Amino acid sequence: MNQKEKKYHSGFVTIIGRPNVGKSSLMNKMIGEKIAIVSSKPQTTRSRIMGVLSGDDHQIVFLDTPGIHDPRTKLGEYMMHSVRDAMDGMDAVLVIFDVTHITENDLHIAEGMKEKKVPVVLALNKIDLANPEQILAATAKTAEAGFDEIIPVSAKNGDGIDDLIRSLQNHLPEGPQYFPDDMITDQPERILCAEIIREKALRNLRDEVPHGIGVEIMKIEALSDKLTEINATIYCERSAHKGIIIGKNGSMLQTIGTEARLDIEKLMDTHINLKLWVKIRPDWRNNAGDLRNLGYDI
């Protein structure tokens with residue numbers, strides 16, 4: 001069969017699962033580029049993030065969603081609304097479980113997938129942390145859930161990724177190419193930069209701080225062909241948190257800024273002068289105006 005006779009499969013695949021099962025890591029691995037931030041903290045992903053995987057005979061448009069949880073703030077409600085929105089008009093669903101710890105909440109998610117009229121594929125992630133008995137037990141535990149296919153994978157080392165991509169491709173309908181070959185996300189540059197800064201804050205700060213962190217890009221200005229200046233504000237909800245974010249003699253803010261600058265330079269392919277400020281904005285996660293300012297479309 002020559003190139004022109006190949007059937008082209010394309011469609012939209014919504015990724016769902018509990019917090020910390022590796023949804024963003026897995027999407028990044030499949031696409032081959034980092035377009036969604038990752039951390040060990042729960043609820044890292046706050047918005048729907050689109051990632052595009054293009055091949056000779058397929059294009060898979062992933063919609064990465066926040067981890068499913070019971071919301072306690074307007075931000076949490078927005079996150080769960082993002083999940084519901086991403087389920088509309090999809091061509092397939094990719095459910096992700098942590099193979100080392102399948103919970104009742106996971107099984108509840110699986111039960112909810114039975115009513116979907118599109119293919120539903122389960123990825124059992126983190127097999128690099130599991131022994132063969134755990135993988136077999138997890139497969140057996142989910143076998144009755146009605147998934148169209150169950151595939152063990154590792155977002156960390158790439159095991160099973162090719163099998164997962166082939167499975168999704170085979171479950172998608174014949175269709176058009178929706179986006180150019182070189183497009184991997186619809187995220188604006190400003191949002192990507194803000195998310196990178198937030199990722200570095202998540203990785204370096206204490207557990208009680210990250211949920212109250214928001215990042216707003218105030219300015220992106222090209223100073224020359226080889227240098228861009230970015231001004232950003234990190235918002236927190238308490239004065240005590242501001243001191244933690246800044247650190248002794250500014251050491252923590254410097255660490256966050258240095259790590260973020262290196263990633264942003266890779267993203268934008270230029271030298272970056274990154275300037276960070278920290279401001280207190282009490283209860284911003286429950287303020288619709290603050291949420292909109294920080295890029296959450298509520």
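Strands β8 (residues 227-236) and β9 run parallel and are joined by 10 bridges. Strands and helices here are DSSP runs (E, at least two residues, for strands; H or I, at least four, for helices), numbered from the N terminus. Two strands are said to pair if DSSP finds at least two bridges between them. The structure is a predicted model, in which local features need pLDDT of at least 70 and side-chain atom pairs count only at pLDDT 80 or more, while totals for chains, interfaces and linings use all residues. Residues are numbered from 1 along each chain as its sequence is written, and side-chain values use heavy atoms, with hydrogens and water left out.

**The chain as a whole**

The chain contains 9 helices and 9 strands. Of its 298 residues, 51% count as buried; buried means under 20% relative accessible area, exposed means over 50%, and partly exposed lies in between (1.4 Å probe, protein chains only). The chain exposes about 14,600 Å², of which carbon and sulfur atoms supply 47%. These areas come from the Shrake-Rupley method with a 1.4 Å probe, and for residues only the protein chains shown count as cover. Among contacts between residues at least 6 apart in sequence, 71% join residues at least 24 apart, where contact means heavy atoms within 4.5 Å.

Glu265 belongs to helix α8. A polar atom of the Glu265 side chain lies 3.0 Å from the backbone nitrogen of Ile272. A polar contact is a pair of N or O atoms within 3.5 Å; within protein, one must be able to donate a hydrogen and the other to accept it, and residues adjacent in sequence count only if both atoms are side-chain atoms. Beyond its neighbours within four places in sequence, Glu265 is in contact with Thr270, His271 and Ile272.

Strand β3 (residues 58-64) is mostly covered, with 7 of its 7 residues buried. In a regular strand the side chains alternate between the two faces of the sheet. From β3, His58, Ile60, Phe62 and Asp64 point one way, Gln59, Val61 and Leu63 point the other way, and all are buried.

Strand β1 (residues 9-16) runs parallel to β3 and is joined to it by 7 bridges, with Phe12 opposite Val61. Strand β2 (residues 49-54) pairs with β3 in the antiparallel sense over 6 bridges, and Ile49 stands opposite Asp64. β2 and β3 form a hairpin with 3 residues between them.

Leu53 is located in β2. Leu53 and Met30 are 23 residues apart in sequence, yet their C-alpha atoms are 7.4 Å apart in space. Leaving aside neighbours within four places in sequence, the contacts of Leu53 include Met30, Ile31, His58, Phe62 and Ile165.

| Residue | Relative accessibility | Class |
|---|---|---|
| Leu53 | 12% | buried |
| Glu265 | 17% | buried |
| Thr228 | 8% | buried |

**Helix α4**

In helix α4 (residues 132-142), the buried residues are Ile135, Ala138 and Thr142. They lie on the same side of α4 because they cover an arc of only 65° around the axis, the arc being that of the directions from the helix axis to the C-beta atoms. Pro132, Glu133, Leu136 and Ala140 are exposed on the other side of α4. The buried residues of α4 pack against β4 (92-98), β5 (120-125) and β6 (149-152). At the N-terminal end, Asn131 caps α4, with a side-chain oxygen 3.1 Å from the backbone nitrogen of Glu133.
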